[in-house]
Amino acid sequence: MRVPFNQLTPRTAVGSARSTLATLSATVGAAGLAAAAVRPGLLALVDQHAAAIRESLGGDRRPLTAAALAGYAEGVRAAAQEHDWQPPAGPVDWSEPDWLLTRLLAVSALAGALDAPKPAPLPPL
């Protein structure tokens, strides 16, 4: 049985985006967000970067998606690697993270918010 291409692509794209975001969470997000929870300065930086990412992706006009966030993270990482940036070999020192790691941490935070349960709508008055 053959699956039409237009039916295969969305699942593959979503799976690829989720895989990218899961890897980002495992490498930067989990430890970085734990550090931000106890470092108010880092949390403020992450919030500022998240706001800039939302604005860049038009988050005030349409909801953010896993695909948009994954594409953004891949673009940031690719641009950094063109300038010879290398990911840290060991644990990140979150007391003074560089711009790129803070940006990727903000992407991870936004991606985590996509999966957070949404509050139930209020009943009409």
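Mentor: What follows is a close look at helix 3 (66–82), then at its surroundings.

The model is predicted, so local features are taken at pLDDT of at least 70 and side-chain atom pairs at pLDDT 80 or more, while totals for chains, interfaces and linings use all residues. Residues are numbered from 1 along each chain as its sequence is written, and side-chain values use heavy atoms, with hydrogens and water left out.

The protein has four helices and zero strands, in the order α-α-α-α from the N terminus. The chain has 125 residues, and 30% of them count as buried. Buried means under 20% relative accessible area, exposed over 50%, and partly exposed in between, with a 1.4 Å probe and protein chains only.

Helix 3 has 17 residues, and its first and last C-alpha atoms lie 24 Å apart, close to the expected 24 Å at 1.5 Å a residue. The expected span is 1.5 Å times one less than the number of residues. Its buried residues are Ala66, Leu69, Ala70, Tyr72, Ala73, Val76 and Ala80. They lie on the same side of helix 3 because they cover an arc of only 160° around the axis. That arc is taken from the directions that run from the helix axis to the C-beta atoms.

Helix 3 also holds a charged pair. Arginine 77 and glutamate 74 are three residues apart in helix 3, about one turn of the helix. Their side chains meet in a salt bridge at 3.9 Å, N to O; the term asks for a side-chain nitrogen of Lys or Arg within 4 Å of a carboxyl oxygen of Asp or Glu. Side chains of opposite charge can pair when their charged atoms come close. A search of the whole structure finds one salt bridge. Arginine 77 counts as partly exposed because its relative accessibility is 22%, and glutamate 74 counts as partly exposed because its value is 37%.

After helix 3 comes aspartate 84, with a positive phi near 70°. Aspartate 84 sits in the loop between helix 3 and helix 4, and it counts as exposed because its relative accessibility is 66%. Most residues other than glycine have a negative phi, and most peptide bonds are trans. Just after helix 2, a positive phi of about 70° is taken by glycine 58.

Leu42, Val46, His49, Ala50 and Ile53 are its buried residues. They cover an arc of only 105° around the axis, which puts them on the same side of helix 2. Exposed Pro40, Gln48 and Glu55 are carried on the face of helix 2 turned away from its buried side.

In helix 4, the buried residues are Leu100, Leu101, Thr102, Arg103, Leu104, Leu105, Ala106, Val107, Ser108, Leu110 and Ala111. Threonine 102 has a relative accessible area of 1%, so it is buried; its C-alpha atom is 9.7 Å from that of glutamine 48, 54 residues apart along the chain. Leucine 104 has a relative accessible area of 3%, so it is buried too.

Of the 16 residues lining it, the closest to its centre are Thr27, Val28, Pro87, Pro88 and Leu101. A pocket is an open set of points on a 1 Å grid over the protein atoms alone, where a 1.4 Å probe fits and protein lies on both sides within 12 Å along at least five of seven lines; lining residues have an atom within 4 Å of a point. Helix 1 (5–38), helix 3 and helix 4 (99–115) each supply at least two lining residues, and helix 1 gives the most, with five.
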